[in-house]
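Subject: Structure handover

Hi,

Here is the structure I promised. Please look it over before you read my notes below.

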Amino acid sequence: MIGGVDHSDRRDPHVISVSAVVLTGPDGAVVTVRKSGTDRFMLPGGKWERGESPLRCAIRELDEELGVGLSPEQLTPLGRFTTDTANEPGSLLVAEVFSAGLDAHVRPRAEIAEARWVAVGEMARIAELDEKECAPWAPLLVRVAREHLT
């Protein structure tokens, strides 16, 4: 639930609740990240901590993963998306997704092994992929690209 705290999805061990952010540069490119020990690129973000709102989670995760500090008013809610997970077979991902413009350098930190800017043209190709067969991209990235980035 954007704007409030709703951790009801956490009761099901097969549901992973996260916040994710579409960070767009001045040229329209979008930042994607690959976590250490994985091979899928996804939107930056992560799991909610107990008592944390999806918005606060998004802000915390951007700072932890990429060294990007944003204020709540810089993030625009895009909605809640339910997709397959990228790295946890048999689980469902429920993501509160936000967007923000970024005119700064990102640097992988914490569990992030690699950050990659994806150009507008490549994002359009990602949007056309089947979410079940989209490697090296995450299903959530494909869905958000299809619904908001093309």
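My notes cover a helix, a glutamate and a histidine.

This is a predicted model: local features need pLDDT of at least 70, side-chain atom pairs count only at pLDDT 80 or more, and totals for chains, interfaces and linings use all residues. Residues are numbered from 1 along each chain as its sequence is written, and side-chain values use heavy atoms, without hydrogens or water.

Helix H1 comes first in these notes. Helices (H or I, at least four residues) and strands (E, at least two) are DSSP runs, numbered from the N terminus. H1 covers residues 54–66, and its end C-alpha atoms are 18 Å apart. Just after H1, Gly67 has a positive phi of about 70°.

Next, Glu131. Glu131 sits in the loop between helices H2 and H3. Glu131 counts as buried, because its relative accessibility is 17%. Its side chain makes polar contacts (N or O pairs within 3.5 Å, one able to donate a hydrogen and the other to accept it) with the side chains of Arg143, at 2.6 Å, and Arg146, at 3.1 Å.

Last, His105. His105 lies in the loop between strands E5 and E6. His105 is exposed (over 50%), at 66% relative accessible area.

Best wishes

How values were computed. Buried means under 20% relative accessible area, exposed over 50%, partly exposed in between (1.4 Å probe, protein chains only). The expected span of a helix is 1.5 Å times one less than its number of residues.
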